[in-house]
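Try each task before reading its solution.

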Amino acid sequence: MQATVDYSLLNRQLEALLDTRDWLTNSAQTCAFIQQQLSDLNWVGFYLQHQPNLLGLGPFQGLPACHPIPFSKGVCGAAAREQKTQRVDDVHAVADHIACDANSRSELVVPIVINSHLWGVLDLDSPLFARFTEQDQIGIEALVATFIRQTDLPNLTSSAI
């Protein structure tokens, strides 16, 4: 059983940590913060939309990752395509799951949408079955909202970074 996480406190801590508006710094800091603060995670990272219907690897914590990810495949692709959070208890039960790390069992992916345009997704993986609860989903969505609010996010499909 997972310990209860105080997402309200984590949100205040993340807000204080993100003391620059720089998207790259804030992306890296957000990944490191979540990886350190939550238990039983084996990967936390951003996938960014640089091209239509395709996600490219961004800042992350964990083992080397899959790149690129089309919107048509996997849990990250579904979150990007639907612009809706995906919480999966058993990734091996997802027919088009992209297995970057065979040890990953569950996944939570939150889309980052600015003015109806997908900027990217935040992906959390765990080696535990059903690691992510509804409380985790709500809490991580709140952390993503803080990241968006504290960060100047460039239009990655139309500008050099």
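**Exercise 1.** Which residue in the turn of the β1 and β2 hairpin has a positive phi?

*Solution.* A note before starting: this is a predicted model, where local features need pLDDT of at least 70, side-chain atom pairs count only at pLDDT 80 or more, and totals for chains, interfaces and linings use all residues. Residues are numbered from 1 along each chain as its sequence is written, and side-chain values use heavy atoms, leaving out hydrogens and water. Strands (E, at least two residues) and helices (H or I, at least four) are DSSP runs numbered from the N terminus.

Step 1: find the two residues between β1 and β2. Step 2: check phi; N53 has a positive value of about 60 degrees.

**Exercise 2.** Work out the strand order of the sheet and find its edges.

*Solution.* Step 1: strands pair if DSSP finds at least two bridges between them. Step 2: β1 (residues 43-51) and β2 (residues 54-62) run antiparallel, joined by seven bridges, with W43 opposite G62. Step 3: β2 and β3 pair over two bridges, also in the antiparallel sense, and L54 faces P70. Step 4: the open sheet of six strands reads β3-β2-β1-β6-β5-β4. Step 5: β3 and β4 each have a single partner strand, so one side of each lacks a neighbour in the sheet.

**Exercise 3.** Is D123 buried or exposed?

*Solution.* Step 1: locate D123 in strand β6 (residues 117-126). Step 2: D123 is buried, meaning under 20% relative accessible area with a 1.4 Å probe, protein chains only.

Conventions: Buried means under 20% relative accessible area, exposed over 50%, partly exposed in between (1.4 Å probe, protein chains only). Lys and Arg count as positive and Asp and Glu as negative; His and the chain ends are not counted. A salt bridge is a side-chain nitrogen of Lys or Arg within 4 Å of a carboxyl oxygen of Asp or Glu.
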